[in-house]
Amino acid sequence: MTLRNRSGKLSAFAASHAQTIIKDARGELKNPARRLLGQRILTLGGIALLSGCDLSNDKSVNTMLRKMSSFNDDVQALLFSPKTLAPTYAESMITRPFPFNAFYDIDDVPEVDAASYRLQVSGLANGKRVWTLDELRALPQESQITRHICIEGWSAIGRWDGVRFAEFLKRAGADITAKYVSLHCADNYWTSIDMPTALHPQTQLTLRYDGATLPPKYGFPMKLRIPTKLGYKNPKHIVAISVTNDYPGGYWENQGYNWFGGS
Amino acid sequence: MSYTTIQPAWVRISHWINALAVMLMVTSGWQIYNASPIFADWRFPSAITLGGWLGGALQWHFAVMWMLVANFIVYVGLNLASGRLRQKLLPVTVRSLASDLSAALRGKLGHEDLSRYNAVQKFAYLAVIVDIALLILSGLAIWKSVQFPLLRTLMGGYDNARVVHFAAMSVLVAFFVVHLAMVALVPRSLLVMIRGR
């Protein structure tokens, strides 16, 4: 088809269809209800244009997005299986160096004194409430080589040793029918997890990284390693654990990250 | 005057829902990509991304995904149930594709009858259906890489699922660009997708 030919067809097309469009439009305008609807659609479009189409700053849009995120929490709780294990890897696949990541610079990593360190347990628990580092080290230890997945998209494989969190909760006399476990950290970070994930066999109260004492940059003296959840649900430098039925939120979660944060 | 409907209402509705969902998914996906680029030198300009920051973009992405998936299931389901897939999109032979593609590139492929797709169109529409299915599956493998071990393995592991997701997005965006160019060349097709005839 040549250009001339096409433009000829176009104008013929426009001529024949313009008639039908006008006819349709006249039909629509005869009906007052349709006229009102048309007016309202145009007004809505006008408002959308005036607001610069900045959907992200609209309050009702934000409310809707938050609601969808909490709906996704429920979906993830359903998809989560206490028996499905995160994949484990060979030593040779460990990412070296393992990336440092926090909401602050590496120079601002908190220095926790091992001798004076105490882990406080509060809320719905009727067992031992204060733990020293040596007492944690005396509990049965397990090892895992798993993939840490960051919400940003990158991932890295590391080796973590420590106490199975379900075992710790048992010894702390935690009420495992409670909904949440909240975790507070020496760097003022905090987050919270669902009880089924807390009891997952790979959820670990970590004391060692790559065969050595957990270094400050990875969370000395103790962090929670959860290979079924994203990085921001793996808090470092934990000083207080609380078992509760009241939704505790979290540092990033309160700013908009999804609460369940499952993988 | 009487008309024959070329695009039934369900095709038009699902087309426009899909168009909106894809635009929101792609632009929020670009913002998410920028948080940790797969290709060190490539970032999407923030002016064309949605969400403002990683957390906002993720909220959009994981809200609109339901709209994309639900609409896609309805679209594919009705295509199969109504026989439209068989009637309008099949068969595509390599030979018809080659001859129509060469005619298209020489500017000699006509669009007089919008109710019939040429082989290039058939191939493109089928390819984009497969591509969206791949986007959904690779996205699921990234979101739930622990809970869906088989899907994770099929995608070549967590990291590779991101690459598959990115590649499928690129194919979709390429389709979108060509699709818009074709609509600009044959504006009557836009009218058909709005009015049905």
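This is a predicted model: local features need pLDDT of at least 70, side-chain atom pairs count only at pLDDT 80 or more; totals for chains, interfaces and linings use all residues.
Local features were taken only at pLDDT of at least 70 and side-chain atom pairs only at pLDDT 80 or more, whereas totals for chains, interfaces and linings use all residues. Residues are numbered from 1 along each chain as its sequence is written, with chains lettered from A and ligands numbered from 1 in the order in which they are written.

Chain A contains six helices and 10 strands, where helices (H or I, at least four residues) and strands (E, at least two) are DSSP runs numbered from the N terminus. Of its 263 residues, 33% are buried, a residue being counted as buried if 20 or more other C-beta atoms, placed from the backbone, lie within 10 Å of its own, as exposed if 12 or fewer do, and as partly exposed in between. Two residues are taken to be in contact if their C-beta atoms, placed from the backbone, lie within 7 Å; of the contacts in chain A with a separation of 6 or more, 69% involve residues 24 or more positions apart.

Chain B, in turn, has eight helices and zero strands, and its pattern along the sequence is α-α-α-α-α-α-α-α. The C-alpha trace of chain B spans about 55 × 35 × 35 Å along its principal axes, and 29% of its 197 residues are buried. Among contacts in chain B between residues at least 6 apart in sequence, those joining residues at least 24 apart make up 59%.

With α7(B), the axes come within 9 Å and cross at roughly 150 degrees, the axes being lines fitted to C-alpha atoms, for helices over the stretch in contact, with angles running from 0 to 180 degrees between N-to-C directions. The two helices α5(B) and α7(B) are therefore roughly antiparallel (angles over 145 degrees; under 35 counts as roughly parallel, 65 to 115 as roughly perpendicular and the rest as oblique). Residues of α5(B) including V128(B), L135(B) and I142(B) meet residues of α7(B) including A161(B), M169(B) and F175(B). This contact of α5(B) with α7(B) comprises 15 nonpolar, three polar and two charged residues, with Ala, Val, Leu, Ile, Met, Phe, Trp, Tyr, Cys and Pro counted as nonpolar, Asp, Glu, Lys and Arg as charged, and the others, Gly among them, as polar.

Between the chains, 26 residues of chain B are in contact with 28 residues of chain A. On the side of chain B that touches chain A, α1 (9-35), α2 (54-82), α7 (158-185) and α8 (188-195) each supply at least two residues, and α2(B) gives the most, with eight. That side of chain B divides into 11 nonpolar, 10 polar and five charged residues.

The axes of helix α3 (residues 59-79) of chain A and α2(B) come within 9 Å and cross at roughly 70 degrees, which makes α3(A) roughly perpendicular to α2(B). L65(A), M68(A), S69(A) and N72(A) of α3(A) make this contact with Q59(B), W60(B), F62(B) and A63(B) of α2(B); by class, five of the residues are nonpolar, three are polar and none is charged.
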